[in-house]
Protein chains: 2
Amino acid sequence: MSQYDYQAIDDLIHSRIRLSIIALLVSRSAATFTCIKNRVNASDGNLSVHLRKLEQANYLAVEKQFIKRKPLSTYSITEKGRKAFQSYIQHIEALINR
Amino acid sequence: MSQYDYQAIDDLIHSRIRLSIIALLVSRSAATFTCIKNRVNASDGNLSVHLRKLEQANYLAVEKQFIKRKPLSTYSITEKGRKAFQSYIQHIEALINR
DNA sequence: TAAAGTACTTTGTAAAATAAAGTATTATAT
DNA sequence: ATATAATACTTTATTTTACAAAGTACTTTA
């Protein structure tokens, strides 16, 4: 297929909010819900939904624990997620570079 | 704001199909409806809607004429569209590099 | 002249993104 | 003590978007 084939772009990653989440998480070993929320500039509800989606796709892993009696969710990217992101980037770069 | 702020991504360009359309059109001076359809691998209806959206944003210009008694729509990117695409790319690159 | 093809546009539907509201708990002020 | 605000989320409802199906207006071919 053509390099311009839009269906070749992984839409699980491509959504603005999910792309930002993943880009943030590939740059560090892990991040909490609140940290992601602040960096990505998302609302709680919206973030929750998209983190769940990425988790269900096994692109992200979560650890849920209580710290000082409060819930704390820590997210990190999986191998599958990292590979999907690499392949996504390759597609996008082929698309935008000349 | 953070480089990871998802709302900083131009969503008019970001949609998979519109990104593909624009990427195709920055690489050449113009393309017909059918040409875009084939390269981008889109259905007629879907393509029509998104071309219209880009046209209304003044990212694309259209010339509609009859050639051999048949309608022929020829699309090209505008200065505004080209600039928006450049700025979009800068955002995405800041997001995905390292 | 009937059927198939081209080049689209319009309209309806499904899916996705987002916002609003809700849950559960803790911390703080009165 | 208890009401208020804050934290850290999840669930549900609403809006928006993407997409597909159907429609229009022809032309070409059989």
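Author: Strand β2 (residues 60-67) of chain A and β3(A) run antiparallel, joined by eight bridges. This is a predicted model.

Reader: What about strand β1 of chain A, which strand is it joined to?

Author: Strand β1 (residues 31-32) is joined by two bridges to strand β3 (residues 70-77) of chain A, and the two run antiparallel. A:Thr32 has A:Thr74 as its bridge partner in β3(A).

Reader: Switching topic. How many residues does each of chain A and chain B put into the contact?

Author: Chain A gives 25 residues and chain B gives 25 residues. On the side of chain A that touches chain B, α1 (11-14), α2, α3 (33-40) and α5 (79-96) each supply at least two residues. The largest share is six residues, from α2(A).

Reader: What does that side of chain A have by class?

Author: It has 14 nonpolar, six polar and five charged residues.

Reader: Now the DNA. Which residues are closest to DNA strand C?

Author: DNA strand C is surrounded by 22 residues, and the closest are A:Ser15, A:Gly45, B:Phe33, B:Ser48 and B:Ser73. Elements giving two or more residues to that surface include α2 (16-26) of chain A and β3 (70-77) of chain B.

Reader: And the classes there, how many polar and how many charged?

Author: Nine are polar and seven charged, with six nonpolar.

Methods. Residues numbered from 1 in each chain as written. Chains lettered and ligands numbered in written order. Predicted model: local features only at pLDDT ≥ 70, side-chain atom pairs only at ≥ 80, totals over all residues. Near = placed C-beta within 6 Å. Helix = DSSP H or I, 4+ residues; strand = E, 2+ residues; numbered from the N terminus. Nonpolar A, V, L, I, M, F, W, Y, C, P; charged D, E, K, R; others polar. Contact = placed C-beta atoms within 7 Å. Pairing = 2+ DSSP bridges.
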